[in-house]
Amino acid sequence: SAGLDVRELASLDREAMHRFLTEFQRTQRLLAASPVPVVAAITGHCPAGGTVLALFCDYRIMARGPFSIGLNEVQVGLYPGEVIASAFTRLVGSRRAADLLTRGALIDAEAAAVAGLVDELAEPAAVVQRACAYATELLTLPPNAYRRTRQLVRRELTQLFDASREDLATVIAEHFFSDETRQRMAALLRK
């Protein structure tokens, strides 16, 4: 995923942006609370919105090679919000998350594996096949024990949405329409 379509988002008014962001957060919640495991097959670059979706999956397999992944929101004047920042921190740890999030840094596949942002690397042509194989492995486990254990280890992730003290859609929509962000977005679209 190349992330969210910045050109499309730039065309939205405040109301449409709020609706979109509310739906995007709902999608994150659905992934986090999915009754079945979700394995992300990351076959190339995966900035911003793509990384957000991957955060809420059970397992992430990324293509080995010159591909980047991360939350570069700060680079374009956006704020990731509590839920996304907490989900990111859950994977990479607080010290690394503080560095990467505040810089809006994108990292390569190897660094993402070392950091814990992705769980496994595979050759680009084998990513989807490996993701399917991993998901199939999960299906062979005793279903009740697996389901209950999975709920236990993902409880912290699913509770992020209820624990958040901010209305992310409102906060991000406010940031999105700031002069700072509009200037950064315009520069990005000119590239």
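Modeller: Ala, Val, Leu, Ile, Met, Phe, Trp, Tyr, Cys and Pro count as nonpolar, Asp, Glu, Lys and Arg as charged, and the others, Gly among them, as polar. This is a predicted model, in which local features need pLDDT of at least 70, side-chain atom pairs count only at pLDDT 80 or more, and totals for chains, interfaces and linings use all residues. Residues are numbered from 1 along each chain as its sequence is written, and side-chain values use heavy atoms, without hydrogens and water.

Colleague: How many residues of the lining of the largest pocket are nonpolar?

Modeller: A pocket is an open set of points on a 1 Å grid over the protein atoms alone, where a 1.4 Å probe fits, with protein on both sides within 12 Å along at least five of seven lines; lining residues have an atom within 4 Å of a point. The largest pocket has 32 lining residues, with V6, A48, N72, V76 and L78 nearest its centre. Three of the lining residues are charged and six are polar, while the nonpolar ones number 23.

Colleague: Which helix supplies the largest share of the lining of the largest pocket?

Modeller: Helices are DSSP runs (H or I, at least four residues), numbered from the N terminus. At least two lining residues come from each of α1 (6-10), α2 (14-33), α3 (49-55), α9 (168-176) and α10 (179-190). The largest share, five residues, belongs to α2.

Colleague: Which helix supplies the largest share of the lining of the second largest pocket?

Modeller: Among the 17 residues lining this pocket, P35, V36, Y146, R147 and R150 lie nearest its centre. α2, α7 (127-139) and α8 (143-163) each give at least two lining residues. The largest share, eight residues, comes from α8.
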